[in-house]
Amino acid sequence: MVVFVTGASSGFGASIARSLAGDGHTVIAAGRRKEKLEALAAEDERFHILPVVLDVCDRGSVARVMAQVESEIDVIDCLINNAGLALGVDPAYQASLDEWVQMVNTNVLGVLYCTHAVLPGMVRRNFGRIINLGSVAGAYPYPGGNVYGATKAFVRQLSLNLRADLTGKNIHVTNIEPGLCGGTEFSITRFHGDAKKAEELYRQTQPLQAEDIAEVVRWLLSLPEHVNINDLSMMPTCQGFGHFNVVRNA
Ligand code: NDP
Ligand code: 8X3
């Protein structure tokens, strides 16, 4: 298959690219940091990984790059909408509007631009796989999750609604919802580069790893045509659910 992975320069995306290239797929590895993508492609000479510089927030570039890949390489069989980020953990009344906009542009519009570019071709060929990286934050609220969680709720509902339009077609759409996952740049980005704070989040835990997500992706791509996994929520065993808290008057 030809697999287009957004956000392949780090974390889940890099791990998914490695794993799928190792299985013999052609991987288009997209992201903004060219050197990281090139290093990934050079890791193993058996890998067929093609680095592509792309900012998913740039609507014109997404359409252009996708069309270029399809005309110069091959049609895209599988799109993995992985590029995304959380910025900050401030309560909504103190959060930065610029950061909200960046999260919406990347996690919502980026997913829409990429999906819109590949979907008509998939329908014409009656073959396609779309895997979206949502989050448990899209299903459960937590303090400071505000707009990040809302963007992932969008990804979840978009995934289900795509399937609603694709019923009867051989196009799978899955929303993967991971919980606490370490070893990626996610928390460093969220805490504005504060690596110590990010490290503290994972202290004395065994969080999910990017390889765990990649393994789920491999499994999804191995399923028979008639099986669609709509939504897949995963957490490390050290993570649980919060209760409904009540603030009492002193
Ligand atoms: P990382 O920060 O390690 O990776 C994020 C990737 O997204 C990077 O490769 C980055 O590449 C890319 N990216 C960010 N903005 C853009 C953009 N505008 N255009 C193109 N690429 C972009 O995070 P993770 O691997 O941990 O996260 C991957 C996905 O999984 C995200 O959607 C995240 O929300 C989700 N997720 C993460 C969890 C976690 O705990 N780690 C848990 C649940 C979900 P570059 O900077 O080179 O563009
Ligand atoms: C990332 C998981 O719980 O940090 O999407 O929001 S969480």
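Q: How many bridges join strand E4 to strand E5?
A: This is a predicted model: local features need pLDDT of at least 70, side-chain atom pairs count only at pLDDT 80 or more, and totals for chains, interfaces and linings use all residues. Residues are numbered from 1 along each chain as its sequence is written, and side-chain values use heavy atoms, without hydrogens and water. Strands (E, at least two residues) and helices (H or I, at least four) are DSSP runs, numbered from the N terminus. Two strands pair if DSSP finds at least two bridges between them. Here, four bridges join E4 (residues 78-81) to E5 (residues 128-133). The two run parallel. Cys-78 has Arg-129 of E5 as its bridge partner.

Q: What is the order of the strands in the sheet?
A: The open sheet has seven strands, in the order E3-E2-E1-E4-E5-E6-E7, with parallel pairing. E3 (49-53) and E7 (231-234) stand at the edges. Each has a single partner strand, so one side of each is left without a neighbour in the sheet.

Q: Is Cys-78 buried or exposed?
A: Buried means under 20% relative accessible area, exposed over 50%, partly exposed in between (1.4 Å probe, protein chains only). Cys-78 is buried, at 0%. Cys-238 is partly exposed, at 42%.

Conventions:
Chains lettered and ligands numbered in written order.
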